[in-house]
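This briefing covers one protein chain, topic by topic. Please look over the sequence and the coordinates before reading the points below.

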Amino acid sequence: MELFQAKDHYILQQGERALWCSRRDGSFHLRPATDLLLAWNPICLGLVEGVIGKIQLHSDLPWWLILIRQKALVGKLPGDHEVCKVTKIAVLSLSEMEPQDLELELCKKHHFGINKPEKIIPSPDDSKFLLKTFTHIKSNVSAPNKKKVKESKEKEKLERRLLEELLKMFMDSESFYYSLTYDLTNSVQRQSAGEREPCPLWQKVDDRFFWNKYMIQDLTEIGTPDVDFWIIPIIQGFVQIEELVVNYNESSDDEKSSPETPPQESTCVDDIHPRFLVALISRRSRHRAGMRYKRRGVDKNGNVANYVETEQLIHVHNHTLSFIQTRGSVPVFWSQVGYRYNPRPRLDRSEKDTVAYFCAHFEEQLKIYKKQVIINLVDQAGREKIIGDAYLKQVLLFNNSHLTYVSFDFHEHWCDAPRAATTGEMQSNLSDNVGQQR
């Protein structure tokens, strides 16, 4: 789709559809493509793949529009549904500020004969200036106010830092995926059990894994069918799709070379080599997400830190098999204070005060997944024992027949030899629980 810059708007256009985003207040408006003629001096900046949403980094700073600048095809799921990974984004300030060099793919219709994006940048001087600053500093006309200037510079510095982190999050982690036709937020089981009535993809999604829900909220609240085209549900996690070919009649090299082995015709099921499509989809919950040592345990809504649902999917001969596994932080109130290596965990609430929130977590889990097996990987004898004991007590108090508890002391079974090289990586999961569907 084409991205246009006008005096008061950024305009996305594809076919007969157009989405106008105000540079004054950040509001979205659906308009026909022919309305581009009414825009004030529209300039085509290039091509983008879609809208992620918008974000405001500080209440005193402008909104920023985030677009998918580049994507990579991961593969196709059963039904010929394409799954893509976001590889690059474009960030536009919804203000009077001129856009930086976005490095967009050029639109052949409007940039015929132009090979370098630099040629369509309105003002090189402004662009050079904006590389150093992301916001305008409003000077006090009556008299210079050092305090206001200092506050403005601090906000500018904060905004620059947050934007850099935003770019790193998308481009370095490579953990954001989407499909225009397939619901990546729901497992095969939930999709098959869902409502049969046709409705837009974004209205079918699992709320836990709709990562850009609030960034795109202004669009979802428009409430007309025309808006569905512009809403792309994005998940944070991991997707890999592979196709395997299995030949059941393939013999070993020794059998092939043996003179006693008579030549055989290559036959197989249905006279073809069966093809298996194997996919791994991990979905990270948007609830209680955060840094490793800053987000631990359960919150007041029963959400646990860094919760991930992983689906292993196999498709063969028009049949699809799906296995679900979940993981998350131990659902009690606990934390790790400090940034030094492996801070000592501590309990933040009493056993009695934790019961209601532990129950809320597993009541939702059992509602979604029915029966569950918990595998607790906490060190049963070391510094993590306090967390493991609290976990077991809560399971006993919950006393639900659909919940099976298994304690697997990871430390006891871990070989000492390679431990020094890998403990830092493994340690992040040792105090976490894994629940898997039977």
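Of the contacts between residues at least 6 apart in sequence, 65% join residues at least 24 apart in the protein chain. The model is a predicted one. The chain has 438 residues, of which 43% count as buried, and it contains 10 helices and 18 strands.

**Strand β1**

- β1 covers residues 2-5 and pairs with β2 in the antiparallel sense, over four bridges.
- β1 also pairs with strand β5 (residues 43-47), again in the antiparallel sense and over four bridges.
- Leu3 takes part in both pairings: it stands opposite Leu12 in β2 and opposite Gly46 in β5.
- The bridge partner of Phe4 in β2 is Ile11.
- In a regular strand, side chains alternate between the two faces of the sheet.
- Both faces of β1 are covered, with Glu2 and Phe4 buried on one side and Leu3 and Gln5 buried on the other.

**Strand β2 and its hairpins**

- Five of the six residues of β2 are buried, so the strand is mostly covered.
- Three residues lie between β1 and β2, and the two strands form a hairpin.
- β2 and β3 form a hairpin as well, with two residues between them.
- Gly15, in the turn of the β2-β3 hairpin, has a positive phi of about 65°.
- The pairing of β2 with β3 is antiparallel and runs over six bridges.
- Gln14 stands opposite Arg17 in β3 in this pairing.

**Nonpolar cores**

- The largest nonpolar core has 25 residues, and Leu3, Leu12, Leu65, Leu67 and Leu219 touch the most other members.
- At least two residues of this core come from each of β2 (9-14), β3 (17-22), β7 (63-77) and β8 (81-93).
- A second, separate core has 18 residues, among them Val91, Leu166, Met215 and Ile234.
- Leu65, a member of the largest core, touches Cys21, Phe28, Val51, Gly53, Lys54, Ala90, Val91, Leu92 and Leu94, leaving aside residues up to four places away in sequence.

**Cavities**

- Rolling a probe the size of a water molecule over the atoms shows where empty space is left.
- How many cavities of 30 Å³ or more does the structure hold? There are five.
- The largest cavity contains about 80 Å³ of space.
- Its lining consists of Arg208, Ser285, His287, Gly302, Asn303, Val304, Tyr307, His361, Glu364 and Gln365.
- By class, two of the residues lining the largest cavity are nonpolar, six are polar and two are charged.

**Ala381**

- Ala381 sits in the loop between β16 (372-376) and α8 (385-398).
- Is Ala381 buried or exposed? Ala381 counts as exposed because its relative accessibility is 67%, and the cut-off for exposed is over 50%.
- Ala381 and Asp409 are 28 residues apart along the chain, and 8.8 Å separates their C-alpha atoms.

Methods
Residues are numbered from 1 along each chain as its sequence is written. This is a predicted model: local features need pLDDT of at least 70, side-chain atom pairs count only at pLDDT 80 or more; totals for chains, interfaces and linings use all residues. Side-chain values use heavy atoms; hydrogens and water are left out. On a 1 Å grid over the protein atoms alone, a cavity is a set of points where a 1.4 Å probe fits but cannot get out, and a pocket is an open set with protein on both sides within 12 Å along at least five of seven lines; lining residues have an atom within 4 Å of a point. Grid points are joined across faces, edges and corners, and a volume is the space filled by probe spheres set on the points. Ala, Val, Leu, Ile, Met, Phe, Trp, Tyr, Cys and Pro count as nonpolar, Asp, Glu, Lys and Arg as charged, and the others, Gly among them, as polar. A nonpolar core is a set of buried Ala, Val, Leu, Ile, Met, Phe, Trp, Tyr and Cys residues joined through side-chain atoms within 4.5 Å. Buried means under 20% relative accessible area, exposed over 50%, partly exposed in between (1.4 Å probe, protein chains only). Contact means heavy atoms within 4.5 Å. Two strands pair if DSSP finds at least two bridges between them.
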